[in-house]
Amino acid sequence: MSSTEVGEAMAHQTFDTILVLDFGSQYTHLITRRLRELNVFSEMLPCTQKIGELKFKPKGIILSGGPYSVYEEGAPHVDPAVFDLGVPILGICYGMQELAWRINPENVIAGTHREYGHSNLKAQSVNGHVDRLFEGLENTMRVWMSHGDKLAHLPEGFHTVATSDNSEYAAIAHGKKHIYGLQFHPEVTHSENGTALLRNFAVGICECNQNWTMERFMEEQIANIRRTVGEKGQVLAAVSGGVDSTVAAKLMKEAIGDRFWAVLVNNGVMRLNECEQVKKDLSEALGINLTVIDGSKEFLEGLKGVEDPEKKRKFIGGKFIDFFEAEAIKIEEAAAKDPTKAGKIEFFMQGTLYPDVIESLSFKGPSATIKTHHNVGGLPARMTNGQGLKLIEPLRSLYKDEVRALGRALGIREELVMRHPFPGPGIAVRILGEVTEEKVNIARQADHIFISEIRKAGLYDQISQAYAAVDPSRAVGVMGDKRVYGYIIILRAVTTTDYMTAEAFNFPWEVLQRIMNRIVNEVHGVSRVVYDITSKPPGTIEME
């Protein structure tokens, strides 16, 4: 079992888990988020997950919505073993139709009237009592519907517990087993009392302990790291100065002290003065052993002619590991000369987060790979096949807001905790097409101006992530009565809570004008500045 698997196993032993099986809905991750907000640990896995391969037994299972019709050929279906676990099950939208279809395929049909948007839901009492799922909630509420199919018949053994104007079976419950179905989406904020309903399921019906807190996670993860690494083992880590790697580094420092070695590789695509700032923050402020390596020449040389985003990410991920493994040898050689530092470096730590894992997941079914994260899909095989360093990912089960909460629990100052994310591949994925030194310098300067003006306007903490990217296309401009032919800068700023969905930030017009003026006047080679208002989905936060 890998160190990552050990950590996940310990999490399941410590925290009651609700398993969410994903059928490809854009809302699935929100189910997990809502449960964690209730201090109930939840894990999301693809609907094709074989129950016999699980390393834990969940306290309950939620079947998500999805874009398919259960009666279509090739539609995804859950492992039948789900129903043999003897734990409560809640089907949402497609998940509810999956429950009904399994009992009798004729139970699900295409609706004559599709139902998208708000709908009025009315809970029904059974024998004078409201179902436990709706206990303590209002009898009528506005909920969010998003479906074209519907139940034609009530599945055998079930009864209706709520209806809507267009859904006779808006919520159903089994008469003897803890199995429930909802045609609406309680996980979205548009549904009134949705979080309370999920609490009724997770806490009231599944009887989960609400002990998922970052203080408790910190204690358990420090203990897990110590068990995994041992009394003399040493850990090498990639850091970037971003909140993820900073929190992970501080956590590792708390766990094993000076046996933890942080390495920052200058890959030539860092932000302006980034390496100097990271060294100050980690070495001076947090007392972390930090080595800075200049690999800019090798990275930029290797990126020449590379335009495909996936190839960029995988090259950068692989080259990172080359540098880290070489640094591990140097540290071991130095340690061998000093008995007080004896101990082989066996582990490589990185700040992988839960959204990284979800977005890099691909399987035969409803989901497809959106992009490969350099620290998930971009790792060389030798990192995961037992050769070389063993991978350890202490933040792998956390969302970004949970990482920030963990950072505060670790005593990291607010400025670092709230720093906007910066991708591992750096500016390379903010330059569309081939990466050149000229484009890197342009992106670096434009980004510095953009972030500086955002801070000056007092907007930094209102924005979740912001940056300036370079479009390889050029546009004609006029400067000093002369024709210029310069690059186009794309400004991107979004707001989000989980980084799985995001909306463009609504800037005051005068702020955008000031930013545009500075970039065009101060960054040589730029003739146009545009602002990207695309949400996620359909876009992603980064350009590539």
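Visitor: What makes helix α2 (residues 28–37) largely enclosed by the rest of the structure?

Guide: Nine of its ten residues are buried, so α2 is largely enclosed. Buried means under 20% relative accessible area, exposed over 50%, and partly exposed in between, with a 1.4 Å probe and protein chains only. The buried residues of α2 are T28, H29, L30, I31, T32, R33, R34, L35 and R36. Just after α2, N39 takes a positive phi of about 65°. The model is a predicted one, in which local features need pLDDT of at least 70, side-chain atom pairs count only at pLDDT 80 or more, and totals for chains, interfaces and linings use all residues. Residues are numbered from 1 along each chain as its sequence is written, and side-chain values use heavy atoms, with hydrogens and water left out.

Visitor: Why is the stretch 41–46 called strand β2, and how many of its residues are buried?

Guide: Strands are DSSP runs of E of at least two residues, and helices are runs of H or I of at least four, numbered from the N terminus. Six of the six residues of β2 are buried. F41, E43 and L45 point one way, while S42, M44 and P46 point the other way. In general, side chains alternate between the two faces of the sheet in a regular strand.

Visitor: Which residues cover the two faces of strand β3 (residues 60–63), and what are its partners?

Guide: G60 and I62 on one side and I61 and L63 on the other are all buried. Strand β1 (residues 17–22) pairs with β3 in the parallel sense over four bridges, and L21 has L63 as its bridge partner. Strand β4 (residues 89–92) pairs with β3 in the parallel sense over three bridges, and I61 has I89 as its bridge partner.

Visitor: What makes β14 and β16 edge strands?

Guide: Five strands form an open sheet in the order β14-β13-β12-β15-β16, with parallel pairing. β14 (290–294) and β16 (390–392) each have a single partner strand, so one side of each is left without a neighbour in the sheet. Further in, four bridges join β12 (residues 234–238) to β13 (residues 260–266), and A238 stands opposite V263 in β13.

Visitor: How do you know that the span of helix α13 (residues 437–456) is close to the expected value?

Guide: The expected span is 1.5 Å times one less than the number of residues. α13 has 20 residues and reaches 28 Å from its first C-alpha to its last, against an expected 28 Å. Its buried residues include K439, V440, I442 and A443. Just after α13, G458 takes a positive phi of about 75°.

Definitions and conventions. Pairing = 2+ DSSP bridges.
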